[in-house]
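Please look over the structure below with this briefing at hand. The points are grouped by topic, from the chain as a whole down to a single residue.

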Amino acid sequence: MKILIAGGQGQLGLALARRLVGTHEVLAPGRSDFDITSRDLCALAVTRARPDLVLNCAAYTAVDRAESERDAAFAVNAEGAGNLADACRNAGATLVHFSTDYVFDGSASRPYVESDSVAPQSVYGASKLAGERAVTDSGVDHLILRLSWVYGNDGGNFYKTMLRLAAERPVLRVVADQWGIPNYTGALADAIACAIERPTAELAQLGGLYHLSATGTTNWCQFAGAIIRGAGMAERVVVEAISTSDYPTAAKRPAYSALDGSRFAATFGWNPPDWQDGLQRCLAARASAA
């Protein structure tokens with residue numbers, strides 16, 4: 001297949017390009033070369049590329065800044081998603097669009113399934129939900145994959161922030177009352193590669209909304225502790241638990257946002273790893289690149 005990755009220079013886009021380049025023709029431009037917020041330029045880029053499949057990793061992900069930059073968040077996450085969906089439909093390409101756990105309000109006590117009611121509590125979450133609906137309403141052949149707590153050795157993310165801060169200070173204070181499932185970009189790329197190996201006609205028949213996630217639930221403080229231990233920093237860095245009220249942010253985060261990925265796993269024959277396995281892989285990749 002010929003695969004076009006929007007947002008190809010972001011953390012998920014880079015992981016997907018690395019995973020897919022050996023078996024497919026992959027184009028992974030950055031935003032300067034493929035800006036989905038422009039309807040005309042987006043359509044032109046897809047028309048010129050003539051892809052069989054488009055992976056939309058382009059996103060506005062500054063969760064707190066989105067509270068004061070609503071238009072910018074919606075321009076990428078909602079209108080941009082719609083622009084890309086329309087361009088794919090007109091070009092006869094299948095679209096894989098990525099969304100987020102932030103579409104939920106965080107009041108659940110078990111992992112969210114696809115049929116659960118959505119109620120985003122932040123501008124970021126609302127913009128991503130609007131993007132889901134734009135893709136669905138476009139009529140394009142598509143998969144919408146909701147992801148949570150995405151991290152890797154590329155880009156900016158919680159995992160990299162913890163490693164950076166651990167090199168600078170002896171104590172890390174991290175919230176312990178927000179629960180979810182961390183997902184390593186390399187493991188996500190493996191799952192997505194598994195799904196898209198099917199013929200495009202079959203992929204279109206299986207289209208719709210799925211949750212894609214590792215298994216096991218943790219909180220940010222526990223995740224930070226696992227990162228520090230895995231990186232061999234536990235002897236000189238202490239991770240202290242704090243509450244959300246101790247660390248106020250502009251955007252409200254879901255208190256619980258674990259996603260149940262069993263429907264994706266059953267449909268595409270994927271065996272989801274435990275989140276701790278993903279972390280070990282990520283740390284091993286970091287060490288090998290050092």
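This is a predicted model: local features need pLDDT of at least 70, side-chain atom pairs count only at pLDDT 80 or more; totals for chains, interfaces and linings use all residues.

Residues are numbered from 1 along each chain as its sequence is written, and side-chain values use heavy atoms, with hydrogens and water left out.

**The chain as a whole**

- The chain has 10 helices and 12 strands, where helices (H or I, at least four residues) and strands (E, at least two) are DSSP runs numbered from the N terminus.
- The radius of gyration of the chain is 18 Å, which agrees with the value near 19 Å that a compact globule of 290 residues would have; the radius is taken over C-alpha atoms, and the globule rule is 2.2 Å times the number of residues to the power 0.38.
- Taken along the principal axes, the C-alpha atoms fill a box of roughly 55 × 40 × 35 Å.
- Of the 290 residues, 51% count as buried, meaning under 20% relative accessible area, with exposed over 50% and partly exposed in between (1.4 Å probe, protein chains only).
- Among contacts (heavy atoms within 4.5 Å) between residues at least 6 apart in sequence, 81% join residues at least 24 apart.

- Strand 4, residues 94-100, is mostly covered, with 7 of its 7 residues buried.
- From strand 4, T94, V96, F98 and T100 point one way, while L95, H97 and S99 point the other way, and all are buried.
- Strand 3 (residues 53-56) runs parallel to strand 4 and is joined to it by 4 bridges, where two strands pair if DSSP finds at least two bridges between them; within this pairing, V54 has L95 of strand 4 as its bridge partner.
- Helix 1, residues 11-20, is also mostly covered, with 7 of its 10 residues buried, namely Q11, L12, G13, A15, L16, A17 and L20.

**The surroundings of V175**

- V175 lies in strand 7, which spans residues 171-175, and V175 counts as buried because its relative accessibility is 9%.
- Although V175 and A241 are 66 residues apart along the chain, their C-alpha atoms are separated by 5.7 Å.
- Leaving aside neighbours within four places in sequence, V175 is in contact with N219, W220, C221, I242, S243, T244 and Y247.
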